[in-house]
Amino acid sequence: MPSAPALLQRFPRLASGGDAHREVLMNVLRYRGREGMVAWAFHRISGVGIFLFVVLHVIDIYLVGGDPRAYNELLAFYASVPGRFLEVLLGAALLYHALNGMRIIIIDLWPTMTAYHRQIWWASWVIFVAVGVPGAAIILRPIWLPILRGIGVA
Amino acid sequence: MIRVSPRSSGRVRPSGSGLEVAVWYVMRLTGVGLFVLALAHFSILHFVFDPAEQTAEFIATQRWNQLIWRALDWLLLMMVLFHGFLGMRIVVVDYVRGGTARLLTLSFLYMLAVLLFVLGTVVIVTLPMPGSAR
Ligand code: HEM
C-alpha cells in the first residue's frame, strides 16, 4: 500500500477535484486501517459523556448562588478520591474529544491535509499522553503525595 | 444513519445549502472555540486550583471576582450549549427512529437547553461581586 502523499502525487486531481474525485479519494484512503471507526466511536462516546457532565455542572454552579451549602457538599465529593478518579476520566474524555475534534476540523476544512492524516492521528495521541499523564498526576496528587511522604521520598 | 467521512472520521458535510450545512459549520466553529475555552477552563480549575479549595465562597470572592472571568465563563456556556445540544441532536436523530419518540426526545433536549441557559446566565449575572452591597 503506497503512502497517502504518494497517492496524492499520482492522482493530483483527486486532491483538488470536486465531489466525485473526493469520493474516489475517500474510498482509496479507507484502506489505511481501522483507526477511523475507533476514532468516530470514541468521539461520540466522549461527546455524550462530557455533555452529561455539563448538565450536572451547570446545575451545581447554579447552586453557588441558589444553595451554597448544597454546592459545598457536592464539591467535597469532587475533592474525594472517587471524585478525583472521575475527574481524570472526564479530563481524558475532554482531551481526547478536543484533539480528535481538531483533527476532524483540520481535515474537513482543509482537505489537502488528508495527505498527513496518519501524522496528525499519531501527533494527537502524543499530545494526549504528554498532557494527560502529568494532568492525571496533578489531579491525583492527594493520593500519591502522602504515600511518598510516608516513605520519606517527598 | 449519519455518514462518516473515511478521511476525517467526522460526519460528512450535508449536501446543498441551508440549515443542516450551517449546523455542520457551527459544530466546527464552536469546536475551535471550545478547544481554547474548555481546555483552559479545565486546566485552571484542576491544575492551577484544586477542587478541595473551591467552596461557594471561593467562586464568589476569587474565581468570579472580575467581570472578565464571568464573561469568559458565559461565553464558554454559550459555546458548550450550542455545540453540546446540536451534537446531542445528531446522536438522537441517529438512534431514535420513531416519529413520536424522536419528537419527544428532541423536545426534552431543547427544553433542557433552555433550562441550562437560564440557570447558567442567572447565576453568572446575579452572584454578588466581592465588596458589592447585597
Ligand atoms: C474541546 C473542544 C471540542 C472540539 C474541538 C469538538 C469538536 C467536535 C466536532 C468536530 C464534532 C463533529 C461535529 C459533526 O459531526 O458535525 C463534535 C461532535 C460532538 N461534540 Fe464536540 N468538540 C469539543 C468539545 C465538546 C464538548 C465540551 C462537548 C459536550 C458538551 C461536546 C459534545 C459533542 C457531541 C455530543 C458531539 C456529537 C457526536 C456525534 O455526532 O457522534 N464537544 N465535536
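Colleague: Which residues come nearest the ligand?

Modeller: Keep in mind that this is a predicted model. Of the 24 residues around the ligand, the nearest are A:Arg44, A:His97, B:Arg11, B:Arg28 and B:His83.

Colleague: Those carry two chain letters. How do I read that, and why is the site shared between chains?

Modeller: Look at who does the surrounding. Residues from chains A and B surround the ligand, so the site is shared between them. By element, α4 (35-66) and α6 of chain A each supply at least two residues of the shell, and so do α1 and α3 (67-95) of chain B.

Colleague: Which helix gives the most to that shell?

Modeller: That's α3(B), with 7 residues. By class, the shell splits into 13 nonpolar, 8 polar and 3 charged residues.

Colleague: And the polar atoms: what lies 2.8 Å from a nitrogen atom of the ligand?

Modeller: A polar side-chain atom of A:His97 does. On the chain B side, B:His83 also has a polar side-chain atom 2.8 Å from a ligand nitrogen. For B:Arg28, an N or O atom of the side chain is 2.8 Å from a ligand oxygen.

Colleague: Okay, helix packing next. How should I describe α6(A) against α1(B)?

Modeller: Two packed helices are described by the angle between their axes and the distance between the axes. Here, α6 (residues 81-109) of chain A and α1 (residues 19-48) of chain B have axes that come within 10 Å and cross at roughly 145 degrees. The crossing is left-handed. That contact has 16 nonpolar, 3 polar and 3 charged residues. Among the residues meeting there are A:Leu94, A:Ala98 and A:Met102 from α6(A), and B:Val32, B:Phe35 and B:Leu39 from α1(B).

Colleague: Zooming out, how much area do chain A and chain B bury between them?

Modeller: The size of an interface is often given as the accessible area lost when the parts come together. For this pair it's about 4,100 Å², with 74% on carbon and sulfur atoms. On the chain A side, A:Trp40, A:Arg44 and A:Phe51 lose the most area to chain B, together 15% of what that side buries. The contact takes 50 residues from chain A and 48 from chain B.

Methods. Residues are numbered from 1 along each chain as its sequence is written. Chains are lettered from A and ligands numbered from 1 in the order in which they are written. This is a predicted model: local features need pLDDT of at least 70, side-chain atom pairs count only at pLDDT 80 or more; totals for chains, interfaces and linings use all residues. Side-chain values use heavy atoms; hydrogens and water are left out. Axes are lines fitted to C-alpha atoms, for helices over the stretch in contact, and angles run from 0 to 180 degrees between N-to-C directions. Helices (H or I, at least four residues) and strands (E, at least two) are DSSP runs, numbered from the N terminus. A crossing is left-handed if the near helix is turned anticlockwise from the far one by less than a right angle, and right-handed if clockwise. Contact means heavy atoms within 4.5 Å. Ala, Val, Leu, Ile, Met, Phe, Trp, Tyr, Cys and Pro count as nonpolar, Asp, Glu, Lys and Arg as charged, and the others, Gly among them, as polar. A residue is near a molecule or strand if one of its heavy atoms lies within 4 Å of it. A polar contact is a pair of N or O atoms within 3.5 Å; within protein, one must be able to donate a hydrogen and the other to accept it, and residues adjacent in sequence count only if both atoms are side-chain atoms. Buried area is the accessible area (1.4 Å probe) that two parts lose on being put together, summed over both.
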